[in-house]
Amino acid sequence: MKHPLWIAPCVLAVITSLLLPVPVPGQGDVASDTAPIGGLSFKDEVEVTVVNIVVNVTDDDGKPVTDLTADDFVVSLNGDAREISNFQLYTEEGYRSWLARRDGPVIIPDEAEDGALAAGNEPRPLYVTLFVDNENLHPLDRNRVLKEAASFVRLNLKPPVQMMVCTFERRLKVVQPFTDDPDLVLAALRDQTVRSGGRESRDRSRRDVLDEIQRYSQDPGSAGVNAAANVWGLITATAEEEINILSYTMDALRATTGMMAGLPGKKSIVYISNGLPMIAGLDLFYAYSSAFDDPSAMSQIARYDQSRRFEGLVSAAISQDISFYTIGAGGLRAASIGSADSNTPRDPMAASFGAETYLDSLRFMAENTGGRAIVSTNDFEAGFQRITRDLFTYYSIGFPLSISGGDKVHRLKVELPNHDDYDIRYRRRFVEKSLESRVQDEVMTALMFPVNDNPLQVELTTGEAAPASADRWMLPVSIWFPIESLALLPEGEDLVGRAVLFIAARDTEGKQSDLVRQVHDVRLPAADYETVQGEGWRIDTRLLTASGSYTIAIGLMDQITRQASVVTMKTSIKDTE
C-alpha cells in the first residue's frame, strides 16, 4: 500500500517522504464579487482559443500528400463540424531548406520557395524521446534497430529538434536528457548495445511451457494423471510474470509522457521493443486448449487481458499531445516467436497468436496517438524514414474552441470527403486542460527541461538539511513572493488570498517524485496592506530525503487571478558519515 506521505515510492527509493506542510488557516474557497487588491492581471479561463491538430496524409504508396487545402478537410469536435480558422502545411523539404538558410539573409515572404520558409512559418519545436526498452528486448534485435536509429539521429538532430534517450530495465532511466547535440545522443545509444534485460529468459520459460504442452499432445499417456493441472499451473505463473513486468513498463512509459507534458511544440516517443502482451499468455492458453481438448481454457484469458493498461497509457499520451512511434524489433521473425529453439514442433496457430498479441499492443499505442507502428518488417531503415516524414511533413489544422476552464476530453474527427484513397492519421481525442493541470505539467517538465515562467516573481531557497533518521535528512524549503503579486479580497478586517503550491523533486539518478499539491491561505490586516508593499510572503515546507543531488521544481498559482509561476533550483545533501 502506498503511504500517503511518500514521494513516488514505486520509482524513487531514495526519496521516501512527501512534503510536510506548515499549518495554514481554513481551506474554504475564497470567493467574492468585490474587486481584489493587488495581484497581476486576470487570466480568464472562459475564453476562445485555437485548437491545432497535427494531421498526416499519405497516398497508397505511403508517400506524404502535400497538395491539399483547407477546403479538402472536414473537422468535427464531439460530432459537430468546426470551421477551420488556421491551416498550415509543413514539409520536410521546407524544414531542410530552413536549416540551410537560418543563418543566412532574411527571407521575404514573397520570395519564399515554399510555405515553411515564409515569415511566421518557422518549424515548430520538436521533441523526440528514444525509449529503448531493454527489459522487453532481445539484445541482437535491439542492436540491429539501434544501428538505424543512429542514422535517424544523425540526419534529424538539429535545432529546433531535441532528443532524449530513456531506457527501462525494471526501472526508468533517463540516459541522456533532451539535447540538440547528436554526439551526446549517439553516445547514449551506443551504451545500450551492451545492456541486457529479462526478455530472453522469459521467452525461454514460455518455450519450455509450450514444449510440455506439445509433448503431452504427442503422447498423452506418458504425461501422467496430473499433467493438465501441472501445465495449467505453469501457464498461469508465466502469464502472471508477464503482467508484473508489463505493469512496471507501463509505469515507465507513463512517467516519460509526464516528463514531456509541459514542453511546447510537437512531441513524439519512439518506443523500441520486441513487443508487449496485449493478452498475457495468449499463445499458452490456446495451445493448452488444443492439446488437452479443453475449450473452457480460452474463456480464462479475460483475466489476463491487459487492454485497459494500454488504454490508460494512450490516454496519458493524448493528454500530453504525444504520439507513439513503435518499433517491433523482432521484425519478420516475430511471427514464429519461440519456435526456433523448440525441442518439439510448434502449433502454428498458437505461435501466430503469441506473435500478434505482442504486436497488437504496438499497433494500438501508435494508431491511437496519431503515430506509426513499424512492425513485421526487417527494413528498419525504411521505417525510420517514414517516422522522419511524419515528424516534418504534416498539416496543422486549427479551429476555435470556447474554453470551459476545466479538464475535459473531446472527440476529434478529421475527414477528406473527396479523397477516400488517402490514409489520414491524427489524434482521435483532444484533452482540454485547466490552468491548474497545465501548471502541474510545467512543474513535472521543469525537473528535466529549463522552464522560465515567473510572473509572480517567486524565489525558491533551501536551508541546511538536518538528520531525520539513520539515512534520511529533513531539507527546509522556502517559497517567497512579493505580497503585491498575489490578489487579496476583503474578509472582515482582513485581506485574504490563496496560493496553490505544486512541488516535485528528481535526483541525478533519474528517480522522480510524484507531484504534491498544497493550498495556502495568505491573510493580513487590511490596515497594514500599504505598509507591507515591497515586502514578501513566505511559505515554508520540508522535504524528507536521502543524501544526494536533486532538482526541485515548484509551481505557485494565484487562485483568484489564475496567474502562475514555475521555478526550479538544484541542491545537494551530503552524508556526513
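Biologist: Where is Gln457 found?

Modeller: Gln457 sits in the loop between α11 (435–446) and β16 (459–462); helices (H or I, at least four residues) and strands (E, at least two) are DSSP runs, numbered from the N terminus. This is a predicted model, in which local features need pLDDT of at least 70, side-chain atom pairs count only at pLDDT 80 or more, and totals for chains, interfaces and linings use all residues. Residues are numbered from 1 along each chain as its sequence is written, and side-chain values use heavy atoms, with hydrogens and water left out.

Biologist: Why does Gln457 count as partly exposed?

Modeller: Its relative accessibility is 48%. Buried means under 20% relative accessible area, exposed over 50%, and partly exposed in between (1.4 Å probe, protein chains only). Gln457 therefore counts as partly exposed. Gln457 also has a positive phi of about 60°, although it is not a glycine.

Biologist: What makes Arg562 count as buried?

Modeller: Arg562 has 18% relative accessibility, so it counts as buried. Arg562 lies in the loop between β23 (548–558) and β24 (564–573). Arg562 has a positive phi of about 70° and is not a glycine.

Biologist: Why is Asp61 called exposed?

Modeller: Because its relative accessible area is 65%, Asp61 is exposed. The place of Asp61 is the loop between β2 (48–58) and β3 (74–77).

Biologist: How do you know that the peptide bond from Pro159 to Pro160 is cis?

Modeller: That bond has omega near 10° and is cis. Pro160 is in the loop between α2 (139–156) and β7 (161–168).
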